[in-house]
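Have a look at the sequence and the structure first, and then read on.

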Amino acid sequence: AALVATHVLGKDLHQFSPEMKTISFDPSQGKHVFGRQNQVGFFEGILGLESRYLSFVSRCHFEVVPTGAPSSGSFTVRNMSSNPILVGDSKLSKNEYAAI
C-alpha cells in the first residue's frame with residue numbers, strides 16, 4: 001500500500017518524481033504511524049527545509065490501521081496531532097478517525 005501526496009500548498013507536484021511524493025508501507029505489519037519522526041526526510045523533501053509549513057507536520061502526525069484482511073485495502077486513519085488533517089472531504093481533529 002502507499003500514501004501519495006496529491007496537494008502541497010505552493011508546490012507543483014508534477015515536478016516531483018513519484019518516489020519523492022510516495023510513502024509505501026506493508027499493511028500486513030499492522031498499524032503504521034506517519035510523521036517527521038517515522039518518515040525522516042520525506043516531509044522536508046516535499047515541503048523544503050526552510051518551509052514555514054514544516055512545523056505543522058508533527059513527529060507522529062497520523063496513524064493508518066488496516067481493517068479486515070490486509071489485502072482488502074480498507075483502513076482507518078486517526079489524527080494524532082493537534083494540527084488537523086484532511087481525509088477525503090473530512091477534516092479530522094486530534095484523535096478523530098475516518099475510514100478509507
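The radius of gyration is taken here over C-alpha atoms, and the rule for a globule is 2.2 Å times the number of residues to the power 0.38. For 100 residues a compact globule would come out near 13 Å, and the chain has 14 Å, which agrees. Along the principal axes, the C-alpha atoms fill a box of roughly 40 × 30 × 25 Å.

A word on the background: this is a predicted model, where local features need pLDDT of at least 70 and side-chain atom pairs count only at pLDDT 80 or more, while totals for chains, interfaces and linings use all residues. Residues are numbered from 1 along each chain as its sequence is written, and side-chain values use heavy atoms, with hydrogens and water left out.

How many helices and strands does the chain have? There is 1 helix, along with 8 strands, in the order β-β-β-α-β-β-β-β-β. Here helices (H or I, at least four residues) and strands (E, at least two) are DSSP runs numbered from the N terminus.

The largest pocket has a volume of about 1100 Å³. Of its 28 lining residues, His7, Phe43, Phe62, Ile85 and Leu86 are the closest to its centre. A pocket is an open set of points on a 1 Å grid where a 1.4 Å probe fits, with protein on both sides within 12 Å along at least five of seven lines, and lining residues have an atom within 4 Å of a point. The volume is the space filled by probe spheres set on the points. Among the elements, α1 gives the most to this lining, with 4 residues.

The table sorts the lining by class.

| Class | Lining residues |
|---|---|
| Nonpolar (Ala, Val, Leu, Ile, Met, Phe, Trp, Tyr, Cys, Pro) | 21 residues |
| Polar (the others, Gly among them) | 5 residues |

Gln39 sits between β3 (32–34) and α1. Is Gln39 buried or exposed? Gln39 counts as buried because its relative accessibility is 15%; buried means under 20%, exposed over 50%, and partly exposed in between (1.4 Å probe, protein chains only). Leaving aside neighbours within four places in sequence, Gln39 is in contact (heavy atoms within 4.5 Å) with Ile23, Val33 and Phe34.

Asn95 lies in the loop between β7 (90–92) and β8 (97–99). With 42% relative accessibility, Asn95 counts as partly exposed. Its phi is near 70°, a positive value in a residue other than glycine.
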